[in-house]
Amino acid sequence: MSGVWPPHYDWEGFGFDTRQVHAGEQPEPGHGSRVTPIHLANAFRFESFDQTHGRFAGTDEGQLYSRHLNPTNAVAEGRIASLEAGAGAVVVGSGTAAISTTLIALLEAGDRFVSTASIYSGTQILFDRALKRLGIGVDYVHDWHDPAEWAAAIGPSTKAVFTETIPNPKNDIVDVELVARIAADAGIPLVVDNTVATPYLVRPLELGASIVVHSSTKFLAGHGAGISGAVVDGGTFDWRGSPRAYPLLTDPQSPGAPSFLDRLGPRHAFAGYLRLTAVNDLGPALSPFTGFLLQQGIETLSLRMERHLENAVAVARWLADQPEVESVDYAGLPGHPDHALAERLYGGRTGSVFAFTVAGGLDGARILIDRLQVFSRMTNIGDTRSMAIHPGTTTHLSFDDERRARLGIPPGLIRLSIGIETLDDLIADLRHGLDAVAAAGLAATEDHVLVGGHR
């Protein structure tokens with residue numbers, strides 16, 4: 001990294017495919033290695049007494065300790081920031097760490113934030129359990145289309161809004177631009193999880209979001225070989241002008257010292273503040289080896305995403321025509337409530353993580369999943385491998401029946417993450433499972449809707 005922070009991104013104006021290969025990289029002075037070395041050092045030498053003091057005082061923005069800044073990880077940070085059109089990024093040990101450190105940096109005990117209700121179950125558990133114990137409250141909006149719900153949810157103590165571009169498992173996409181306007185009208189930052197869509201499909205910062213988070217474990221890394229998370233700062237939110245107070249960011253934290261906002265400027269304030277407070281204090285450090293795998297995976301993001309999307313659309317359409325399938329939750333299919341939005345935002349290709357409901361409820365789901373061979377029974381998504389899981393008995397197991405029903409998780413619902421294998425093999429594998437469902441005498445009702453909605 002050359003000892004300068006924030007990193008200087010010099011790939012502006014280049015295409016997405018070029019930046020996913022080159023953005024964020026720094027020349028390696030020792031041997032001229034073209035591939036970023038893995039810097040396994042936990043700390044770094046200082047050149048002098050004064051430099052040591054400057055690093056701790058924040059007047060010298062160089063390497064200090066790998067818990068919050070590492071030269072290998074800085075390459076992944078620069079690459080993700082460039083692809084998301086952000087001002088800077090911070091990588092951490094998991095997607096959950098990315099979300100939790102972001103919200104802990106924004107909120108204190110007694111504060112609240114608003115989230116769309118369709119978000120991933122693990123994120124809901126984080127909100128309802130861990131953040132609740134810290135005194136941070138969440139209010140859910142079940143219908144993001146409804147202005148009245150937003151008005152009722154956002155109050156004087158609300159200091160952030162959270163949503164996902166493509167929620168999992170239902171693929172019920174969100175109009176980020178609309179939610180961004182709601183957050184802007186309230187003068188609070190919008191945090192968007194872009195894990196499933198990735199910057200290849202959509203860049204929420206360009207639609208008005210303030211901060212983007214990723215479980216970069218998933219599509220960004222892409223090969224199921226490490227756990228990581230990323231936070232991208234858009235560098236556009238007016239922290240001091242907000243009607244809410246963000247004192248840890250805007251006020252001096254020690255006598256005579258400038259605030260993070262004054263020291264780093266509005267474009268880099270939040271990323272620097274996050275790195276040196278919540279990330280440094282809580283310690284969700286990313287291993288440099290995993291950071292290396294992450295930036296290597298990003299180099300092929302667009303290539304993999306094209307195959308993911310091509311396979312996903314084909315599988316969704318095929319499932320919609322099968323008599324043993326009761327519904328397909330893929331917004332790109334005609335008949336889905338958000339199909340028009342899917343066409344406008346994604347050209348009908350709403351990622352490769354979606355769900356379908358098999359006939360026979362829990363029994364049908366068990367029979368189908370146990371017959372799969374190409375699809376792995378796994379809780380991960382965004383891997384090169386295709387995966388299938390039953391949310392009702394896994395990811396949403398801790399939710400009661402009423403909550404699962406309100407979120408649209410019936411007993412027969414199966415979540416798929418479509419990989420990059422040969423399409424015919426994926427369809428044959430699902431057909432094998434559906435044949436077993438049919439052989440058990442389980443079939444969908446006759447008055448079903450073939451595409452998009454519930455049968």
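Contact is defined here as heavy atoms within 4.5 Å.

## Basis of the model

The structure is a predicted model, in which local features need pLDDT of at least 70, side-chain atom pairs count only at pLDDT 80 or more, and totals for chains, interfaces and linings use all residues. Residues are numbered from 1 along each chain as its sequence is written, and side-chain values use heavy atoms, with hydrogens and water left out.

H396 is placed in the loop between β11 (387-389) and α15 (401-406); helices (H or I, at least four residues) and strands (E, at least two) are DSSP runs, numbered from the N terminus. With a relative accessible area of 2%, H396 is buried, a term that stands for under 20% relative accessible area, as against exposed for over 50% and partly exposed in between (1.4 Å probe, protein chains only). Apart from neighbours within four places in sequence, H396 is in contact with S121, P169, P391, R404, L407 and I409.

One of these partners, P169, belongs to the loop between β4 (158-164) and α7 (176-186). The peptide bond leading from N168 to P169 is cis, and its omega is near 20°.

## Residues with positive phi

The loop between β4 and α7 also holds N171. N171 is not a glycine, yet its phi is positive, at about 60°. Its relative accessibility is 0%, so N171 counts as buried.

T198, in helix α8 (residues 198-201), likewise has a positive phi in a residue other than glycine, near 65°. T198 counts as buried because its relative accessibility is 0%.

## Aromatic pairs and cluster

A pair of aromatic rings is described by the distance of the centres and the angle of the planes. Rings of Phe, Tyr and Trp (its six-membered ring) pair if their centres lie within 6.5 Å; planes under 30 degrees apart count as stacked, over 60 as edge-to-face and the rest as tilted. The count by this rule is 12 aromatic pairs. One of them joins W11 and F14 edge-to-face, at 4.9 Å centre to centre and with 65° between the planes. W11 is buried, with a relative accessible area of 18%, whereas F14 is partly exposed at 42%. F113 and F127 form an edge-to-face pair, with 4.7 Å from centre to centre and 85° between the planes. This pair links distant parts of the chain, 14 residues apart: F113 is in strand β2 (residues 112-116) and F127 in helix α5 (residues 121-133). F113 is buried, with a relative accessible area of 0%, and F127 is buried, with 1%.

One aromatic cluster is formed by F237, W239, Y246, F260, F270 and Y273. The charged end of K159 sits over the ring of Y246, 4.9 Å from the ring centre; a charge sits over a ring if NZ of Lys or CZ of Arg is within 6 Å of the ring centre and within 35 degrees of the ring normal. The charged end of R403 is placed over the ring of F399, at 4.2 Å from the centre of that ring.

## Packing of α4 and α10

Helix α4 (residues 95-106) and helix α10 (residues 260-282) have axes that come within 9 Å and cross at roughly 110°. Axes are lines fitted to C-alpha atoms, for helices over the stretch in contact, and angles run from 0 to 180 degrees between N-to-C directions.

On the α4 side, T101, T102, I104, A105 and L106 meet F270, Y273, L274, A278, V279 and L282 of α10. The residues of this contact divide into 9 nonpolar, 2 polar and no charged, where Ala, Val, Leu, Ile, Met, Phe, Trp, Tyr, Cys and Pro count as nonpolar, Asp, Glu, Lys and Arg as charged, and the others, Gly among them, as polar.

## The enclosed helix α11

Helix α11 (residues 288-298) has 8 of its 11 residues buried, so it is largely enclosed by the rest of the structure. The buried residues of α11 are P288, T290, G291, F292, L294, Q295, G297 and I298. These residues pack against α1 (16-22), α3 (71-83), β1 (88-92) and α12 (301-320).

## H339 in helix α13

H339 lies in helix α13 (residues 339-346) and is buried, with a relative accessible area of 19%. From C-alpha to C-alpha, H339 and A257 are 52 Å apart in space, and they are 82 residues apart in sequence.
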